[in-house]
Amino acid sequence: MTGDWVWDETLFAGAAPYYDRGRLPYAPTLVPVLADVLGLDGTGRLLDVGCGPGTVAVPLAPLFGEVVGVDPDPGMIGEAARRAAAAEGAVKSRWVRIRAEDLPADLGTFTVAVFAQSFHWMDRDLVAGTVRGMLRPGGALVHLSDLKGEPLDVEGLAYPGVPHGAIGELVKQYLGPVRRAGRGVLPDGTPGGEAAIIARAGFLGPERHVVPGGQVLERSEDDVVASTFSMSYSAPGLFGPQRDAFETDLRRLLRSSSPTGRFCERGPSTEVFVWRKPPVPAAAGARG
């Protein structure tokens with residue numbers, strides 16, 4: 001990780017109930033794109049590392065024989081199980097509360113492993129190497145994230161845009177000027193350079209795909225509050241006894257930005273990198 005930051009169990013403390021409602025969705029056609037790119041046919045096993053509330057694993061479940069999600073946050077694991085049950089995917093899903101660093105944890109062999117905006121919270125060299133060992137030959141590691149730097153204009157839409165800058169300043173008033181992350185801070189943000197790490201673990205690739213977003217999303221005041229509390233740097237647990245005061249000030253800010261309590265955003269595109277575990281080499285002396 002970055003600098004002296006060390007993971008601790010409070011990273012997303014209290015965020016799980018807000019995550020599904022607050023976070024903007026991945027691009028609308030992500031599931032069919034992955035089905036095509038990975039040749040998914042309802043068989044095989046998916047490992048979702050840092051699964052959160054099942055945001056990716058649950059929609060992908062019909063394309064696999066089994067999905068296994070792992071996450072260290074008990075709230076996230078609980079939300080994922082509830083989401084799977086509501087989607088009638090509970091019978092083919094399993095949710096395990098462990099850190100990625102504790103893999104393989106006797107979970108078996110997988111066809112695909114996915115990291116959806118989670119890899120940066122881990123000991124990445126260790127986890128990439130471990131996951132490589134958990135994939136079958138020719139299996140895929142999929143790294144998903146929102147497309148960075150994408151212009152998402154909200155001019156001319158039905159409601160004002162979400163005042164992200166003002167929300168960020170309010171968070172700093174309560175939590176200080178340096179980004180919080182659990183009990184620690186991330187003055188330089190989360191790390192990048194995933195490609196070098198995954199290649200170093202022995203994967204081939206990557207294949208890059210951009211799944212287009214841009215859809216207009218109407219957001220209520222409650223949605224924006226949920227979005228704020230779903231973030232690691234403004235998770236409810238960080239505010240301690242000031243949590244209610246922060247939410248009061250946040251709602252006051254939002255009403256001043258949009259008296260109707262309604263906002264518009266555009267959904268981000270999703271950037272997908274697919275890495276492949278090399279297939280087993282042909283046996284020496286084999287004839288074609």
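Q: The expected span of a helix is 1.5 Å times one less than its number of residues. How far does H6 reach from its first C-alpha to its last?
A: This is a predicted model: local features need pLDDT of at least 70, side-chain atom pairs count only at pLDDT 80 or more, and totals for chains, interfaces and linings use all residues. Numbering starts from 1 along each chain as its sequence is written, and side-chain values use heavy atoms, without hydrogens and water. Helices (H or I, at least four residues) and strands (E, at least two) are DSSP runs, numbered from the N terminus. H6 has twelve residues, its expected span at 1.5 Å a residue is 16 Å, and its reach comes close to that, at 16 Å.

Q: Which residues of H6 are buried, and within what arc do they fall?
A: Buried means under 20% relative accessible area, exposed over 50%, and partly exposed in between (1.4 Å probe, protein chains only). In H6 the buried residues are Ile-167, Leu-170, Val-171, Tyr-174 and Leu-175. Seen down the helix axis (directions taken from the axis to the C-beta atoms), the buried residues of H6 line one face, because they fall within an arc of 115 degrees.

Q: Which residues are exposed on the other side of H6?
A: An α-helix has 3.6 residues a turn, so residues three or four places apart point the same way. The other side of H6 holds two exposed residues, Gly-165 and Gln-173.

Q: Which element gives the largest share of the lining of the second largest pocket?
A: On a 1 Å grid over the protein atoms alone, a pocket is an open set of points with protein on both sides within 12 Å along at least five of seven lines; a cavity is a set where a 1.4 Å probe fits but cannot get out; lining residues have an atom within 4 Å of a point. The lining of this pocket includes Gly-168, Val-171, Lys-172 and Leu-175, along with Arg-179, Arg-180 and Tyr-233. Four lining residues, the largest share, come from helix H6 (residues 164–175).

Q: How much space lies in the second largest pocket, and how many charged residues line it?
A: A volume is the space filled by probe spheres set on the points, which are joined across faces, edges and corners; for this pocket it is about 200 Å³. Ala, Val, Leu, Ile, Met, Phe, Trp, Tyr, Cys and Pro count as nonpolar, Asp, Glu, Lys and Arg as charged, and the others, Gly among them, as polar. The pocket lining has five nonpolar and two polar residues, and its charged residues number three.

Q: How many cavities of 30 Å³ or more does a search of the whole structure find, and how much space lies in the largest?
A: The search finds one cavity at that cut-off. The space in the largest cavity is about 30 Å³.

Q: Which elements give two or more residues to the lining of the largest cavity?
A: By class the lining has nine nonpolar, no polar and no charged residues. Leu-34, Leu-38, Leu-40, Leu-46, Leu-60, Phe-64, Val-112, Val-114 and Val-142 make up this lining. Two or more of them come from each of helix H2 (30–38) and E4.

Q: Which residues of strand E1 point one way, and which the other?
A: Strand E1 (residues 45–49) is mostly covered, with five of its five residues buried. In a regular strand the side chains alternate between the two faces of the sheet. In E1, one way point Arg-45, Leu-47 and Val-49; the other way point Leu-46 and Asp-48.

Q: How far apart in space are Val-33 and Val-272?
A: Val-33 lies in helix H2. Val-33 counts as partly exposed because its relative accessibility is 26%. Val-33 and Val-272 are 239 residues apart in sequence, yet their C-alpha to C-alpha distance is 9.7 Å.

Q: What is omega for the cis peptide bonds that join Leu-103 to Pro-104 and Gly-205 to Pro-206?
A: Pro-104 is in the loop between strand E3 (93–96) and E4, whereas Pro-206 is in strand E8 (residues 204–211). For Leu-103 and Pro-104 omega is about 15 degrees; for Gly-205 and Pro-206 omega is about 10 degrees.

Q: Is Asp-106 buried or exposed, and what is its phi?
A: Asp-106 sits in the loop between E3 and E4. Asp-106 is exposed, with a relative accessible area of 79%. Asp-106 is not a glycine, yet its phi is positive, at about 55 degrees.

Q: Where is Gln-117 found, and what is its relative accessibility?
A: Gln-117 is a residue other than glycine with a positive phi, near 55 degrees. Gln-117 is in the loop between E4 and helix H5 (124–134). Gln-117 counts as partly exposed, with a relative accessibility of 25%.
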